[in-house]
Amino acid sequence: MRENVMAKFKNFKVSVAQVSPCSKPEMLEKIDKMATEAAKNGAKLILFPEASIGGYPRGNDFACAIGSRGEKGRDDFMRYWENAVDLPGPELDKLCAIAKKNDIYITTGVIERDGHTVYCTAVFVSNDGRFLGKHRKVMPTGSERLIWGFGNGSTLPVIDTDVGKIGAVICWENYMPLLRSAMYSEGIELYLAPTADGRETWLPSMRHIAMEGRCFVLTCNIIAHRNDYAENYGPAPSEDENKLVSTGGSCIIDPFGKVLAGPNYTDECILYADVDLGQIARGKFDMDVVGHYGRPDIFQLKVNRTDVKPVTSFVVDDTMEEEV
């Protein structure tokens, strides 16, 4: 049975940081600066977008077509892999130091390197500088499947913290009803949705999830112009180097679907909202989709949380005597 740990804080401020893409060292500096600013403004938690560290390669086709892969694409992937982060590793150490220095919880998207596979991952760091866990995107969207591995059920955490139960669902994972149900079943209170989708359809989706799960939804996207990317990487060159190619749309929503902050479609920013966790109980009075509104006699979901590996090694101890 899951332990039900009550949050230390019931009324507090949260924040999301809408940032422009940049190199890995520059992004760590940006996270440091924005986390420091958010903490000074009273925020207990800050969320950064999908793939903030390591980069979302918007517009790069990695020279792929059905049945063929080009040499340029292999070179692009090599550079992308080299720019990814190891968990644990120096980038995570830096995030932990930033969080501890500012007494703030940090969740951010990273491109995680594991062997020669890369994953789109969200990492959770506590306000005292501890690595709390990670979530690997279980279903890369469209062409993302060319470059990212698939997470499994072992990294679907909902983590008890001083600011409530937090978990992350990345970008179009949010359109997977069964994944959402798995998160609701763990009692998620701060539903973190780092994304690369800034279209007008994203906001109503986030409002729906807040109402469906009766939870606070924090969503955060990169805002990017063509000239934020290297010339040979990312969107195709354009006559308008200031063309907006990632539109932001970050926002914060309460359990009744009310937009508390944002959306912002114009610039880098930090958005803030005051959170009252009591709103969750008020909302679940008339709808708890994994409780009194669930109808388990009709509908049930099974979640495999095993960390399945393609190769499992073991050693047989032949010194043990056979039982008679």
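Leu301 is found in the segment after helix 6 (278–284), where helices (H or I, at least four residues) and strands (E, at least two) are DSSP runs numbered from the N terminus. At 38% relative accessibility, Leu301 counts as partly exposed; buried means under 20% relative accessible area, exposed over 50%, and partly exposed in between (1.4 Å probe, protein chains only). Together with Leu178 and Val303, Leu301 makes a nonpolar surface patch of about 260 Å². Patches are made of residues with over 30% relative accessible area and no salt bridge, with like charges joined within 9 Å and nonpolar side chains (Val, Leu, Ile, Met, Phe, Trp, Tyr) within 5 Å. Accessible areas come from the Shrake-Rupley method with a 1.4 Å probe, and for residues only the protein chains shown count as cover.

This is a predicted model, in which local features need pLDDT of at least 70 and side-chain atom pairs count only at pLDDT 80 or more, while totals for chains, interfaces and linings use all residues. Residues are numbered from 1 along each chain as its sequence is written, and side-chain values use heavy atoms, with hydrogens and water left out.

Strand 1 (residues 11–18) runs antiparallel to strand 16 and is joined to strand 16 by 8 bridges. Ser15 stands opposite Tyr272 in strand 16.

Another open sheet has 6 strands in the order 8-9-10-11-14-15, and its pairing is also mixed. Strand 8 (159–161) and strand 15 stand at the edges with a single partner strand each, so one side of each is left without a neighbour in the sheet. Neighbouring strands of this sheet are turned against each other by 20° on average, direction ignored.

Strand 14 (residues 250–253) can be followed residue by residue. Ser250 and Ile252 point one way from this strand and Cys251 and Ile253 the other way, and all are buried. Strand 14 pairs with strand 11 (residues 216–221) in the antiparallel sense over 3 bridges, and Leu218 stands opposite Ile252. The pairing of strand 14 with strand 15 (residues 259–264) is antiparallel, over 3 bridges, and here the bridge partner of Ile252 is Ala261 in strand 15. Strands 14 and 15 form a hairpin with 5 residues between them, and Gly257 in the turn has a positive phi of about 85°.

The next topic is the cysteines. A search of the whole structure finds 0 disulfides, a disulfide being a pair of cysteine sulfur atoms within 2.5 Å. The cysteine sulfur closest to that of Cys96 is in Cys120, 19 Å away and too far for a bond. Cys96 counts as buried at 11% relative accessibility. Cys220 is in no disulfide either, and the nearest cysteine sulfur, that of Cys269, is 8.0 Å away. Cys220 counts as buried, at 0% relative accessibility.

Charged pairs come last. Side chains of opposite charge can pair when their charged atoms come close. The structure holds 22 salt bridges, each a side-chain nitrogen of Lys or Arg within 4 Å of a carboxyl oxygen of Asp or Glu. In one of them, Asp76 pairs with Arg79, the closest N and O atoms being 2.4 Å apart. Being 3 residues apart in helix 2 (residues 71–83), Asp76 and Arg79 are separated by about one helical turn. Asp76 is buried, with a relative accessible area of 0%, whereas Arg79 counts as partly exposed at 37%.

Arg113 and Asp86 also meet in a salt bridge (3.0 Å, N to O). Arg113 lies in strand 5 (residues 105–114) and Asp86 in the loop between helix 2 and helix 3 (90–102), so the pair ties together parts that are 27 residues apart in sequence. Arg113 is buried, with a relative accessible area of 17%, and Asp86 counts as partly exposed at 30% relative accessibility.

Conventions
Pairing = 2+ DSSP bridges. Axes fitted to C-alpha atoms, helices over the stretch in contact; angles between N-to-C directions.
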